[in-house]
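Have the structure open as you read.

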Amino acid sequence: MADLNAHQKSAVHYIDGPLLVLAGAGSGKTRAITRKIAYLIQECGLAPHQITAVTFTNKAAREMKERVSDLLSSEQTKGLKISTFHTLGLNILRYEHALTGLTPGFTILDAQDAEALLKELCKKSHSDEINEVRAAQWCISSWKNNLLSPQQALSQAEDELVADTARLYADYQRTLQAYNAVDFDDLILRPVQLLLSEPEALERWQNRIRHMLVDEYQDTNLCQYELIKQLVGVRGALTVVGDDDQSIYAWRGARPENMAQLKKDFPRLKVIKLEQNYRSSGRILRSANQLISNNPHLFDKALWSELGPGDPIRILACKNEVHEAEQVAMEILHHRISKRTKFSDYAILYRGNHQARLFEKSLRENNIPYFISGGTSFFARTEIKDVMAYLRLLANPDDNAAFLRIINTPRREIGASTLEKLADYARQRGESLLNTCNAFGLEEHLSSRPRERLQQFSHWFQQTQQRAESDDPIAVIRTLLQDIDYQGWIDDNSANRESAKRRWDNVEELITWLNNLHKGELQEKSLAEMVNHLTLMDVLERQNEEEKSDQVTLMTLHGAKGLEFPHVHLVGVEEELLPHHSSIDEDNIEEERRLAYVGITRAQRTLTISYACKRKRFGELIRCEPSRFLKELPEEDLEWSGRKSKLSEEEQQKRGSACLSSLKALLAE
DNA sequence: TGGGGTGATATTTTT
DNA sequence: TATCACCCCA
């Protein structure tokens, strides 16, 4: 405990009731949480399995696990439950499946699968009003996050479109149940419904959890909060850590009000503030504080630091967006040489993903290694989704979504009209598509050729299912892929050799992951368990690999939360971009300000903010204003570059080449 | 079934 | 401007 400050210590030691830790940016909240877990085990006599800690991302969960195991022996951490909300929900559902009408092999549909299913359902019945499936999906998701049933949603609907969407929601939930499937939101929602309606289950889980810890608490939505409340019960053994100034997910249902709500629901709530910042130098911190003081606050908090003032904050005014990207690349090259830093000390943070492209270009042109965090995840790739769909169907024969995905991949000459007839008959019999392939009486609906094809598939699949019951899962998967010659299918369907190779490598990597899960410490036994585990996972392992090498990090402000970098470039700090124009329209400047605040507080030693005066947008060149947030920073801590000297373009070019030659001189040195 | 043409549409994203 | 989904046709 020696390396904790007094406030951190009291947060760790306080176990008499519910505790809210208001942890400012860089105040060592992860340290406090991990110490508290260690304290509960070592000093308070709790067994590791009685402690549940939840985070929002796999990455955060993994980091927390690592840091706890640095403090404790492996014996002391055995059974400790540190996971994401969704994994916690999955575990509850898995254990209590009998009470929910799900069978153990149930499928988790990811957002993509769910969208495809909704599209399908729309086509069938709700077509007229709903032409925006994604909007409907978003709407249904927020209903779920706000604990609204389809009936409630319908009764609250104010117009026909919403009413239709509510009916789609009802249809969607029915279909999911029929498929023996849940979506991501259900992983939280269904456990909540279960705990509310089944007192025995509630008691079981409340007894199991003797202390609960929640990270990034300001990001919880209503449904997640309800889950916490149910699990904690009257005992109130709860520690939550959060920072309302870093709430940047209100747009997807997060409720920073949950921090205030806690006080109402747990009157005994103790509040501890962590205000000493260990990350950033003084000027950076002062700027952040001053910026965020323009927002109203639920709780007052004043961050301070002992790290000394540090460098002023550089503001780069750039001619246009191309220029901005070049400048930033130049600055990084220059700075790295003169300060003898590593590329991995730098991060370029931006509001929207599309901004990455320009920086990618300029970094590449200057031979600066970089990696872009975000983008298509491993599990969204077609080849991975295909293989996963085969596995899903093995685990859950009712998973019609998986069936539809793979029935004609690779090609089996089973077309849309065949499937439609099959689906009609399946609905009539109340059975899954897979089952219906062999159903009695199918010949009345389908002519012999397509029927034979379906039966051939189903026959082969049955054999595979049988093998899956006894054989090693990995061997089953390998045989399955050989049977369908999936590698051949990839070869035939890739643009070129390289992409074919890459895609097959991805499949191999998936198998490696499955293998690790199977042999790993968690001992995931069944295919279903492994498949569900993988659905909730993401790129974390490979991201990890990339972080290790010396590269500049490019990511969105949202992606940067929870991270820190010695040198940060905050780019595109313009009106309409940060704050984003849609937030300006919706009068939601505060969240944008918090976003800027998150960006600033990522910086440890230097912060460079840049903006362009002109920018191409949707094909046309528009004039840009520097962000209003710049005016909210303390002028005396800023160092302007570019704007105040009214250089002609020509002269700027000269300066650019002067910069380049001085750089070359440095390199030669 | 896949390619090419067409028209809509441009945040943030985890699980 | 650039992308992407969708539709139609060969």
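Let's start with Glu96, which is buried at a relative accessible area of 3%; buried means under 20%, exposed over 50%, and partly exposed anything in between, using a 1.4 Å probe and protein chains only. Its partner is Arg204: the two side chains meet in a salt bridge, 2.7 Å from N to O. Glu96 sits in the loop between α5 (85–95) and β4 (107–109), while Arg204 is in helix α11 (residues 199–208), so the pair links distant parts of the chain, 108 residues apart. Arg204 itself is partly exposed at 30% relative accessibility.

A word on ground rules. This is a predicted model, where local features need pLDDT of at least 70 and side-chain atom pairs count only at pLDDT 80 or more, while totals for chains, interfaces and linings use all residues. Residues are numbered from 1 along each chain as its sequence is written, chains are lettered from A and ligands numbered from 1 in the order written, and side-chain values use heavy atoms, with hydrogens and water left out.

As for terms, a salt bridge here is a side-chain nitrogen of Lys or Arg within 4 Å of a carboxyl oxygen of Asp or Glu. Helices (H or I, at least four residues) and strands (E, at least two) are DSSP runs numbered from the N terminus. By the salt-bridge rule, the count comes to 42.

Three of these pairs look like this:

| Pair | N to O distance |
|---|---|
| Glu96 and Arg204 | 2.7 Å |
| Lys119 and Glu115 | 3.9 Å |
| Arg286 and Glu636 | 4.0 Å |

Lys119 and Glu115 both belong to helix α6 (residues 111–126), four residues apart, about one turn of the helix. Lys119 is partly exposed at 43%, whereas Glu115 is buried at 13%.

Arg286 is partly exposed at 39%, and Glu636 is exposed at 54%. Elsewhere, salt bridges that share partners join Lys29, Asp215, Glu216, Asp219 and Lys561 into one network.

Now the whole chain. Chain A has 31 helices and 18 strands, and 53% of its 669 residues count as buried. Its C-alpha trace spans about 85 × 60 × 55 Å along the principal axes. Among contacts (heavy atoms within 4.5 Å) between residues at least 6 apart in sequence, 77% join residues at least 24 apart.
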